Structures are given as C-alpha cells and as structure tokens.
Protein chains: 4
Amino acid sequence: MFRIAIIGATGYVGTEIVRLLVQHPEAEISAVASRSFAGQSFSDVYPNLKNIFNLSLSGLELDEICENADIVITALPHDASRDVIPELIKRGKRVIDHSAAFRFRDKTVYESWYKTNHGMEELLDKAVYGLPEIYREKIATSVLVANPGCYPTCTVLALAPLVKNKLVQLDSIIVDAASGMSGAGRKSELAYSFCEIDENFKAYGVTNHRHTPEIEQELSALAGEKVVISFTPHLVPMKRGMMCTSYLKLTHSNWSAESLYELYREYYKGEFFVRVLEPGILPETKNVSGSNFVDISVNYDKRTNRAIVISALDNLGKGAAGQAVQCMNIMLGLDETTGLCSPAFYL
Amino acid sequence: MFRIAIIGATGYVGTEIVRLLVQHPEAEISAVASRSFAGQSFSDVYPNLKNIFNLSLSGLELDEICENADIVITALPHDASRDVIPELIKRGKRVIDHSAAFRFRDKTVYESWYKTNHGMEELLDKAVYGLPEIYREKIATSVLVANPGCYPTCTVLALAPLVKNKLVQLDSIIVDAASGMSGAGRKSELAYSFCEIDENFKAYGVTNHRHTPEIEQELSALAGEKVVISFTPHLVPMKRGMMCTSYLKLTHSNWSAESLYELYREYYKGEFFVRVLEPGILPETKNVSGSNFVDISVNYDKRTNRAIVISALDNLGKGAAGQAVQCMNIMLGLDETTGLCSPAFYL
Amino acid sequence: MFRIAIIGATGYVGTEIVRLLVQHPEAEISAVASRSFAGQSFSDVYPNLKNIFNLSLSGLELDEICENADIVITALPHDASRDVIPELIKRGKRVIDHSAAFRFRDKTVYESWYKTNHGMEELLDKAVYGLPEIYREKIATSVLVANPGCYPTCTVLALAPLVKNKLVQLDSIIVDAASGMSGAGRKSELAYSFCEIDENFKAYGVTNHRHTPEIEQELSALAGEKVVISFTPHLVPMKRGMMCTSYLKLTHSNWSAESLYELYREYYKGEFFVRVLEPGILPETKNVSGSNFVDISVNYDKRTNRAIVISALDNLGKGAAGQAVQCMNIMLGLDETTGLCSPAFYL
Amino acid sequence: MFRIAIIGATGYVGTEIVRLLVQHPEAEISAVASRSFAGQSFSDVYPNLKNIFNLSLSGLELDEICENADIVITALPHDASRDVIPELIKRGKRVIDHSAAFRFRDKTVYESWYKTNHGMEELLDKAVYGLPEIYREKIATSVLVANPGCYPTCTVLALAPLVKNKLVQLDSIIVDAASGMSGAGRKSELAYSFCEIDENFKAYGVTNHRHTPEIEQELSALAGEKVVISFTPHLVPMKRGMMCTSYLKLTHSNWSAESLYELYREYYKGEFFVRVLEPGILPETKNVSGSNFVDISVNYDKRTNRAIVISALDNLGKGAAGQAVQCMNIMLGLDETTGLCSPAFYL
C-alpha cells in the first residue's frame with residue numbers, strides 16, 4: 001500500500017480526495033493535516049466518514065508527515081503553499097499541488113493575474129501540468145505536479161482535438177461556462193449562503209477570471225502559437241458539476257456532426273476518462289458528478305460554420321480531486337484508473 | 001375596469017397572467033378557459049389562488065368569452081391557436097397571443113423551424129411583435145400582438161444598443177443562454193421530473209433552437225441587414241429566471257466599460273423595465289424573478305475587443321406574462337407600468 | 001398615506017416588509033434604518049428593488065425617524081432592540097417589534113429560554129401578542145405589538161380550534177415542524193452555506209427550541225390551563241415556507257374527517273388569511289410562499305383516535321413580515337387585508 | 001465471482017443496485033432485465049454508466065436469466081412480480097425482492113393496505129424480512145428475502161432498542177418522516193415535475209401510508225404485543241435521503257441523554273451500518289446519502305418524559321439498494337460490508 005498525506009484536507013477538494021482514497025485499493029491515507037482543525041477527528045468535521053475513516057487531523061508538522069508518506073497532496077490556499085511545498089520537495093517528497101502557483105510556465109502571468117509574488121521560482125522547472133491526457137509521461141516521473149484548474153481541464157480537453165489539428169480560427173474562441181457551488185470552496189460568506197444562491201443564476205469574473213490565462217497557456221501550447229480567448233463563468237444553484245460551452249470558427253467548411261465526432265473519437269481513443277458522445281447526445285452534469293469522467297459533445301453549427309463543443313465534468317472530480325488521484329496513480333506506476341471507476345451519482 | 005379573458009389559462013404562463021391580473025387595479029379577468037380543466041375551479045388547479053380568485057374554468061366557448069372581454073390573451077400550444085385566433089379576430093376582439101405563429105414576418109421561416117403549416121396567413125399583416133421597447137406605437141393600436149419568446153426578449157433588448165448603432169461585426173454574435181425549468185411549461189415528462197433535473201445542468205437545442213430565427217429577425221431589423229447568430233440555451237435547476245450572455249466583436253476599439261455603459265444608459269433612458277446596471281454590477285436572476293424587469297450589464301473585454309452583454313429576466317415575467325400585461329396596458333391606453341411594479345421575489 | 005419606518009431593515013424580514021409596503025396603497029416607507037448598511041441605497045443591498053424603492057438607509061437616528069413615522073417596525077436582533085424600543089415608546093410612537101422580548105407575559109420564561117436579562121420590564125404591560133386572529137381588538141389600540149414567531153403562528157392557529165374547545169388530551173400534543181432556510185436570517189455562517197444545506201434535511205433545536213415556550217404560552221391561554229408540548233423543527237433545502245404537523249389525542253372518539261373539518265371551518269369563519277382545506281386536500285408550502293395565508297388541514301387518524309393537523313405558511317409572510325403588515329393595518333384602522341392580497345408565488 | 005441478475009433494473013432502485021454492484025469485488029451483474037427498455041444498452045438509459053457497465057437490457061427471459069445467476073434481485077412494480085418470482089423460485093433461484101408482497105407475515109394485512117390479491121401465498125412461508133440487524137441468521141439461508149421498505153427500515157432500527165426492551169408506552173408512538181423524491185420512483189407524473197416539487201414541502205399519505213402496517217408488524221414483533229402507531233411522511237425537495245423523527249412516551253422517568261445513548265450504543269454494538277450518534281450530535285441526510293449507513297440520535301425530552309429518536313438513511317441506500325446488497329452478501333457468505341464501504345456523498 002502506498003501512503004498518501006493530504007495537507008489542507010478539510011476543504012471540499014480535500015474531503016473529496018479522502019472520499020476517493022478510502023476506496024482506493026492500493027493507497028492509504030497516512031496523514032490529514034489542517035491548520036484550522038488540527039486535533040479534531042476528520043469524521044467530526046465530515047460525519048459522512050464516521051466508521052470509515054478514523055484518522056485525526058494533524059497540524060502542519062512536515063517532518064512527521066514526510067516520514068510516513070510516499071506522496072503528499074496539497075490543497076492549500078494559493079499563498080499558504082509557499083511555506084509548505086518547498087519544504088516538502090527539500091525532504092525528497094513528490095507533491096501534487098492544487099494551488100495555481102505551479103500551473104504557469106511564465107511566473108509573470110501568474111503574478112499579474114493572481115496579484116501576488118510567486119516566491120517559489122526555483123521550483124518552476126520541476127513542475128508538470130497535471131493533465132494526464134496531455135502530459136502523462138512527464139507526470140509519471142515528476143516530483144511536482146500542478147493539478148489543473150477545473151475550468152481549464154474542462155475547456156482544454158474539449159478543444160484540444162480542434163486546436164491541436166489547427167482546424168479553427170484561433171482568435172474566434174469563446175468559452176461560456178457554468179459551475180456548481182462547491183467550486184467556490186468551503187466558505188462562510190453571505191454570497192454563498194443558501195438563500196442567496198438557491199433559485200439564482202449569475203455570471204461572475206466577467207473578462208477577468210483567473211482561469212483565463214491557464215486555459216490560454218494550454219491552448220497556445222497545443223496550437224503552437226499564442227491564443228487569446230473570451231471566457232465567462234456562471235454559478236449554478238447545485239453543489240457539483242461543471243459545463244463549458246465553447247464556440248470556435250472553423251477554418252474550412254466541409255464538416256458535419258459525424259466528421260467532427262470521428263475527429264474527437266480518434267483523438268481520444270484509449271482515453272478511459274474522456275467520453276466522446278455520439279452525435280445528438282449532449283452531456284449533463286449528473287452523468288459525471290461524483291466521477292472522474294469528462295463527457296464531450298462536439299456539434300456543428302452549419303449556419304455559422306462554427307463548432308460548438310460542450311464538455312461536462314465534476315469540478316471536484318476530474319476538475320480537482322479525481323484528477324489528483326489519476327496523477328497519483330500515474331506517479332506510482334499504478335493503472336491510471338485504479339480507484340476511479342465509480343460511476344457518477346446520477347441521483 | 002377592463003375585462004380580460006385568458007384562453008389556455010392553466011399552463012405556467014397562464015397562471016402567471018392570472019397572478020398579475022388579480023393584482024391589477026384597472027383590469028379584471030372575465031374568463032379563464034382551458035380544454036383540459038373546463039368545469040374546475042381555477043383555484044383547485046392552482047390552490048395558491050384560493051380566496052383570491054374564484055372563477056371556474058370554462059371551455060373554449062368563444063362567443064361567450066368574446067361577449068365579456070375587451071382583450072383576449074391566448075396561451076395555447078402553437079397549433080391549437082389556429083382554431084381560436086382567427087375566430088377571435090373575426091369577432092372584433094383584440095388578441096395578445098403567446099404562440100410563435102405571429103412573431104415572424106416571413107411565414108416560411110416559421111414553417112421551416114416549427115415544421116408545421118402556418119394556416120393563418122391572412123392575419124400576418126395585422127400582427128405586431130409585442131416588444132414595447134421597440135414597437136410601442138404599433139402595439140398601442142394593434143388588434144393582434146404576438147408576445148415575443150423569452151430568449152428573444154432577453155437577447156434583443158441586450159443587443160439592441162450595439163446592433164442598432166452598427167457598432168459590432170454582425171457575423172460575430174454568439175448568444176449563450178440559460179433558463180429555469182418553468183420555460184418548458186407544465187409537463188408530465190420524465191425528462192422534467194425533479195430527480196432528473198435537480199443538481200443537473202445541461203444544454204439543449206444546440207444549433208437548432210426555435211428561438212434562433214426569432215432573435216435573428218429582430219436583430220436583422222435593428223441592423224438593417226441580415227444577421228445570423230449562434231445560440232445555445234441551457235437548463236438550470238431552478239424554477240424561474242433566464243440569463244443570456246452575448247459576445248460581440250466590436251468594430252472599433254476605443255471602448256471602455258464606462259463608455260459602453262453610457263451608450264446603454266442613453267439608449268434605454270426612460271424605459272422603466274430595462275435596468276442598465278453600473279459597470280462592475282452583474283445581473284442575477286433572483287433580482288428579476290417575479291417581476292417585469294430585465295437587468296442588463298454591458299462589459300468590455302479589452303483583450304479581445306468584444307462586448308460581453310449579460311441580461312437577465314424572468315422567463316415567466318418580462319419573458320412571457322409580464323410582457324403580455326405590459327402590451328395590454330399599452331393597448332388599453334393605461335400607464336405601461338400599471339400592475340407591474342412588484343419587485344422581484346429575491347427570496 | 002401613513003408613514004412607516006423600519007429599523008433593522010436589511011435582514012430578510014426587513015426586506016420582505018419593504019417588498020410588501022412598496023405595494024401597499026395606504027402606507028409608505030418613511031425611513032429604513034440599519035446599523036450595518038447606513039448610508040447605502042437600500043436597492044444596492046437588495047437590487048431587486050432598483051427603480052422601485054430608492055430610499056437610502058439611515059443609521060439609528062431615532063429623533064428623525066420618529067418625526068416622520070406613524071408606526072415604527074423593528075426587526076432587530078433580540079438584544080439590540082433594548083436600546084431602541086423604549087426610546088420609541090417614550091417618543092410616543094407605536095411599535096411593531098419582531099424580537100421575542102415582548103411575546104412573553106412572564107419575563108422569567110423569556111429570560112430562561114433566551115438566556116438573557118429582559119431589561120425592558122416596564123413595557124411588558126403595554127405589549128400585545130400580534131396574532132390578529134386571536135388578539136385583534138387589543139392590537140387595534142396597542143402601542144407595542146410583539147409580532148409572533150413563525151412556528152408559534154403556524155402551530156397556534158393550527159391547534160386553536162381543538163384546544164380552545166377542550167377536545168384534546170393536553171399532555172399528548174406533539175408538533176413536528178419544518179422550515180425553509182430564510183427563517184435562519186441573513187447569515188454568513190458555514191452551516192447555512194449552499195453546499196452544506198442543499199440536498200440535505202436535518203432536525204435542530206431538538207427538545208430546546210426557543211419557540212417552544214411561546215407555543216405553550218398561547219396554547220395554555222387557549223386551554224385555560226398549563227400545556228406542555230414536544231416540539232421538533234427541521235430545516236428544508238428551500239428558501240421560504242414552513243409546515244407544522246401536529247398530533248393530538250382526542251378526548252372522545254366520535255370524530256370523522258368531515259366533523260373535524262366543520263369544526264375548523266366554523267372556528268375560522270370570516271378569517272380571510274386562514275384557509276381551512278377540505279378533507280382530502282393537504283397543504284403545500286408553495287401555495288402560501290410569498291403570501292400572508294396559512295393553510296390548515298385537519299385529519300382524523302381513526303386507528304389511534306388522534307387528530308393530525310397540518311398547517312403551512314410562509315415563514316417570512318404570515319410568519320413574520322406579512323403578519324406585521326396585518327397588525328399595522330389593524331392599528332391604523334385599515335381593512336386588515338390591505339396590501340396583503342397577493343397570491344403565493346406557486347412557481 | 002458470484003453472478004447477480006437484476007429484473008426491473010431501470011428504476012431508481014435498480015440503477016442504484018447496478019451502481020453498487022459494478023464496484024463490488026465479489027459479485028458481477030450477469031443480466032439486467034426490463035420490460036420497457038429491453039434491447040437498449042443500460043448506459044443509454046443511464047449515461048453515467050458509460051464505459052463502466054456495458055450490458056444491454058434483456059427482456060424477462062427467465063430461463064436464460066436463471067441459467068447465469070446465483071441470485072436474482074427483483075425490483076418490479078408490486079403486481080408485476082407475481083409473474084416472475086414464483087418462476088424464479090421454481091427454477092431454484094434465490095431471490096431478493098423489492099415489492100411489498102413478501103414483507104407481511106399476514107397476507108390479509110398486505111391485501112387490505114395494498115388493495116390487491118396476494119396470489120403467491122404458497123411462498124409466504126419461505127419469505128424472510130430482509131433487515132439484517134434483526135433477521136441476519138434467517139437471511140443467510142433464505143431463498144426469498146423481502147427487502148424492507150425505506151420508512152420501515154428507518155423507523156424500526158430507530159425504535160428497536162426502546163421497544164425491544166419494553167421501555168415505552170406502546171400506544172404513544174408517533175413517527176413523523178420526510179423523504180427525498182427518488183423514493184417516489186422514476187415517474188413521468190406532473191406532481192413529480194421539477195417546477196411542482198422544487199421549493200415545496202408537503203405531507204402525503206396522511207393516516208394511510210402503506211408503510212404503516214409494515215412498521216407496526218416489526219415493532220409488534222419486537223414488543224411481543226400489538227403496536228399501532230401514527231405515521232406521517234413528507235416530501236422534501238431533494239433527490240435522496242430520508243429522516244424519521246419518532247416520539248415515544250417512556251415508561252419510567254429516570255433517563256438522561258447519556259443513558260439513552262448508552263442503551264442504543266450497547267444495542268447496536270458491532271453493527272457496522274448503524275451509527276449511534278453521541279448526545280448533542282444530530283443526523284443529517286447528507287451524511288448518509290449514497291451510503292448504506294443509518295445514523296441514529298436518541299434524545300431525551302425531560303419536560304414531557306419522551307424519547308425523541310431521529311434516524312436518517314438514504315432511501316435508495318440502506319432504504320433499498322444498499323440493504324439488498326447487504327442481504328446478498330449475507331446470503332452468499334461474504335463479509336456483510338463487502339462493496340458497501342463507500343462513504344456518503346456529503347456534497
């Protein structure tokens with residue numbers, strides 16, 4: 001059994017990693033650490049885990065954590081990781097990090113969108129963007145995996161076949177997205193209270209959401225040239241689930257729903273977690289919520305010669321915790337799907 | 001008191017018209033007619049109206065209905081109106097219709113998107129598109145008002161200032177929309193059952209939703225030339241509320257959030273029901289649900305030189321019943337806001 | 001026009017009072033006061049009111065508030081009212097208060113359940129419990145109306161016909177209740193955040209909810225002897241609405257659904273806001289949410305000789321703001337239903 | 001690997017059994033049968049299972065089904081099972097049935113509450129009530145297990161320690177319950193549509209719900225004498241989850257929260273799926289939804305000398321599919337918890 005430590009375990013991403021790992025046949029959780037809840041039983045914070053997961057939360061005692069862990073997963077607020085990750089790497093631990101700090105190749109992009117000082121520049125060389133469908137080999141040997149953002153995962157996988165194959169006008173890309181509330185984290189803010197959110201739909205981060213440059217970085221890498229997009233996320237009154245509806249002008253016009261489908265099917269042949277839906281079938285978040293799948297439907301808008309790509313995943317699953325476990329499996333040499341074959345809840 | 005008859009009163013649009021008219025100081029409901037529920041008390045079908053509205057549902061006895069009504073509002077399934085509307089007009093009644101049949105100037109557009117035969121061509125000349133902010137004068141004297149679709153109302157009002165003033169590349173327009181479930185009507189279909197809808201988000205009608213040509217007709221009229229758009233609606237797990245997020249490439253680039261806001265504020269000066277939000281304020285459906293308002297925020301995406309316009313209304317309010325009552329007020333020479341000043345529910 | 005000031009206007013009860021009064025034909029709001037939001041426009045805090053209600057929030061300047069108000073409605077946290085209410089009364093204002101301080105005839109009951117010192121004992125004599133269906137005459141001339149709690153309103157009205165007529169074993173009464181989340185107020189606590197509440201149902205305040213002694217006080221007054229009950233509230237993942245299911249052992253057994261219904265119908269004859277439902281019809285919160293109605297169904301459990309009474313109201317409506325406006329109408333000599341005839345939202 | 005066939009697999013209970021069994025390490029699904037969907041791929045009906053479960057639905061070809069199955073699980077409408085179950089038993093198959101037909105020892109109780117003719121009387125002798133915490137040994141060797149109803153499971157486990165130990169007045173028992181919508185099954189009825197259910201709470205089956213006699217049968221067996229209860233279920237606007245709040249008059253009064261807790265803890269010592277919560281901790285449905293746990297809190301209402309027992313489970317989990325798999329494990333000689341250790345979703 002591999003031993004996994006989770007630092008910052010009491011957020012929604014953290015508890016989803018716990019939910020996945022307690023069912024994982026080859027990994028066990030050696031420590032759950034939290035600054036706010038140290039000393040409490042994890043199942044007091046999340047009583048759904050009573051009788052199943054009985055570890056107590058430790059503080060951030062890195063020596064002890066490192067001694068008992070093969071891999072450390074960090075899910076800390078962006079800045080808090082600065083005190084932790086370099087120390088983990090120094091102690092020879094492999095790290096899967098959920099902050100944005102190591103997702104960007106160019107630290108100035110990070111610094112300008114996140115309005116902070118990076119401060120861990122020396123580790124940037126080691127960092128690998130943790131999207132297995134694109135960087136699988138690098139992940140396998142990496143000591144520092146930057147787990148991607150939820151919107152970037154949902155968008156990049158949706159657009160890769162078209163962008164990589166240079167089939168779209170790169171300045172035409174628009175991504176309109178919607179997410180369940182758990183993407184905002186476990187927060188006691190009025191704006192996230194039930195009465196303010198239920199029966200309500202709204203946009204946020206219009207023209208300036210931080211996942212924009214992350215999407216652009218990865219699309220640019222696929223295209224081989226700089227890509228700039230418009231990206232608008234919305235909040236849906238539901239707990240889990242994310243959908244991106246992307247619009248791309250095609251460079252030539254002899255497409256059909258079927259030929260686009262074939263392009264995608266071929267591109268994702270062998271990728272277990274990417275389900276390309278047959279023409280006429282559209283994704284629904286309930287089909288992915290609770291799972292590590294991303295469902296993609298590529299549609300052809302003949303009247304405007306646009307591809308309309310619709311992709312759905314669980315923001316806590318393939319958009320966060322599931323993807324982290326997928327990376328972990330790869331890093332440990334396990335079958336990538338180990339512990340990740342649970343179907344979505346549907347209900 | 002003006003007397004209003006409602007035919008097809010037991011759907012969600014019908015009952016919302018009843019909810020509005022029982023609070024209207026200058027109008028009273030003279031008849032509610034329904035094929036399915038004739039003979040029952042309206043408040044047996046909608047018990048929220050008990051003690052407030054005690055009329056019984058009649059069948060479609062048009063003579064009797066016409067005798068006692070100044071205006072007839074029809075909210076019938078698209079095809080059913082064919083047996084009713086010509087008869088009402090023949091009897092000299094003024095009609096506000098919720099079907100799509102009279103929204104299109106070109107009947108072939110209607111016939112090809114709705115896959116049906118129009119069959120009431122002789123009335124097309126009389127029909128006025130019931131969007132008061134654009135067709136107020138014509139509505140005032142019309143005998144046949146075609147109440148607009150919810151998505152077209154939400155989109156056309158959102159884009160009119162830019163399109164009318166020829167400030168956008170017309171082939172760049174993308175409308176990504178989301179609606180609460182009541183837009184689908186009162187239906188006993190599995191796909192609309194609570195367990196299938198709750199905690200779920202999905203797109204539908206991708207590349208082929210019937211409101212597309214209606215939006216295009218009105219944008220084309222504003223632009224003075226043919227406009228073709230991409231339009232993708234989604235379903236949100238909530239009862240009421242609609243949001244359209246529209247993307248338009250601007251023809252010149254010396255814009256700012258403030259200058260776009262001024263353009264909109266000026267364009268909608270004096271329009272009570274159109275609330276243009278200050279830069280930085282975004283619409284939320286809870287601020288319009290239950291009301292006749294449409295909230296619009298125009299944003300400037302400097303990086304791509306696009307305007308991103310976000311508009312919200314209540315699909316049953318300004319998107320249907322509220323707009324019908326607004327048209328009714330205009331037709332009757334009343335102040336347009338009579339009976340329509342209730343604030344949105346918020347909670 | 002009567003002038004009404006609202007102190008503590010930015011909570012959910014406060015904004016519901018505003019929503020009701022902006023539609024009230026005989027009353028206008030002269031001031032909205034708030035410690036937290038003074039200086040802001042009310043419609044910045046609740047944007048649903050933009051274009052409809054344009055007052056700015058003042059601080060607690062009691063002199064100015066009193067000068068311009070015929071009645072002052074206070075919706076302050078229990079303790080905060082101590083600095084305000086005596087001052088209002090001293091200035092000769094009539095007050096409708098939403099705190100619990102004046103609901104109890106015996107201040108020691110208040111002090112032991114609310115674990116605080118009363119501190120306004122001198123006003124207790126003047127206070128009237130603001131349940132119009134029971135205390136209408138006293139309310140009419142009162143200078144200090146204690147607006148009842150939501151659960152007590154829902155329970156007392158449901159049980160009055162049986163208890164007043166001495167038809168039940170008084171030690172058998174069990175009240176099992178459920179409320180939408182707005183009853184908890186506008187709070188930024190983790191426990192009330194969307195992700196913690198949605199798709200979740202739970203009990204709270206088991207054996208010790210503060211509305212218990214309030215229910216008992218009023219049932220005791222009706223019975224003419226001391227009544228002790230078991231009361232268990234639950235939280236429902238919805239915004240508005242409350243239901244109480246009450247179980248009472250009947251003292252004799254020759255009852256039927258019909259005879260119980262007749263008892264209730266007779267008891268509430270002439271009460272506009274109490275809708276006694278016919279045998280076989282059960283309340284649903286959607287039929288009362290947004291309105292001032294309470295719907296009551298009395299059922300006969302022949303097998304156990306119990307009455308099972310089910311009552312529903314809107315915790316913000318008849319359970320708070322609606323009832324306050326009803327009291328206000330009575331105090332002002334207006335028709336009790338003025339401004340309160342809006343039907344429930346249903347949708 | 002044991003082979004399990006599921007007949008009536010496309011309902012919500014059926015698909016939950018599939019969800020559990022595809023993750024079960026010792027069992028595999030050999031057939032999924034359905035009258036309505038025969039011929040379709042199961043993952044076309046429930047697309048969350050795409051890539052994970054690729055069986056096609058067969059019709060009710062019992063010979064073929066029996067040939068390949070060690071155990072057959074039936075989840076058919078009450079009456080439909082009459083054509084199937086006797087045939088399965090005749091072919092020597094062991095059956096776990098979800099209908100009510102075999103839950104009652106006295107067929108006349110079944111016939112009068114379900115208003116139907118039993119018609120399989122010859123099998124009643126073989127049937128075991130599938131509540132492992134009470135009938136574990138009998139289940140182990142049974143050929144026909146009647147999987148209990150959701151409300152009876154939730155109630156009987158909650159009350160067993162008090163009733164079995166003769167600590168309560170048996171004529172005082174009141175059970176007030178609430179369930180998520182999936183308990184109503186997969187139905188295309190208006191009353192279950194999203195717009196009718198969301199933001200709504202209501203009682204149903206008042207004084208006559210069919211689970212009443214089932215609860216009474218099991219409580220009577222525990223008490224050793226006839227028990228009659230009052231039982232009122234409610235519908236909560238959520239998909240999964242059930243809570244029962246039960247009120248029982250205690251026969252003596254020297255109780256405390258702690259002593260009641262000790263009674264329960266002792267009674268359920270060693271029962272993995274029954275989590276007795278410490279005094280002061282209350283169940284929430286989110287802590288059990290998606291799992292096979294039942295969480296129980298026993299409270300002492302000193303003022304009335306009542307125990308108030310609150311129990312929560314997932315109506316599709318321990319209330320249906322989870323319990324069926326638990327019975328299946330017992331019948332197959334497996335560890336009872338095999339494949340059932342997933343924690344609840346929480347989110």
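We begin with A:Glu271, which is buried at a relative accessible area of 13%, where buried means under 20% relative accessible area, exposed over 50% and partly exposed in between, computed with a 1.4 Å probe on protein chains only. This is a predicted model, in which local features need pLDDT of at least 70 and side-chain atom pairs count only at pLDDT 80 or more, while totals for chains, interfaces and linings use all residues. Residues are numbered from 1 along each chain as its sequence is written, chains are lettered from A and ligands numbered from 1 in the order in which they are written, and side-chain values use heavy atoms, with hydrogens and water left out.

Which residue meets the side chain of A:Glu271 in a salt bridge? The partner is A:Arg136, with 2.7 Å from N to O, and a salt bridge here is a side-chain nitrogen of Lys or Arg within 4 Å of a carboxyl oxygen of Asp or Glu. The two partners belong to distant parts of the chain, 135 residues apart, with A:Arg136 in helix α6 (residues 132–141) of chain A and A:Glu271 in the loop between α10 (257–267) and β12 (274–276). Helices (H or I, at least four residues) and strands (E, at least two) are DSSP runs, numbered from the N terminus. Whereas A:Glu271 is buried, A:Arg136 is partly exposed, with a relative accessible area of 23%.

D:Lys107 forms a salt bridge with D:Glu111, the closest N and O atoms being 3.8 Å apart, and both residues lie in helix α5 (residues 107–114), 4 residues apart, or about one turn of the helix.

Over all chains, the count comes to 92 salt bridges.

We turn next to a residue named in a record. UniProt, in an unreviewed entry, lists A:Cys150 for "active site"; its positions are given in the numbering used here, feature names are shortened, and annotations may be inferred rather than shown by experiment. A:Cys150 is placed in helix α7 (residues 150–164) of chain A and is buried, with a relative accessible area of 12%. Apart from neighbours within four places in sequence, A:Cys150 is in contact (heavy atoms within 4.5 Å) with A:His211, A:Met242, A:Leu313, A:Asn315 and A:Gly319.

Finally, we compare whole chains. A rotation of 180 degrees with 0.0 Å of shift along its axis superposes chain D on chain C, with an RMSD of 0.0 Å, which is the relation of a two-fold axis. Such copies are superposed by least squares on the C-alpha atoms of residues with pLDDT of at least 70 in both.
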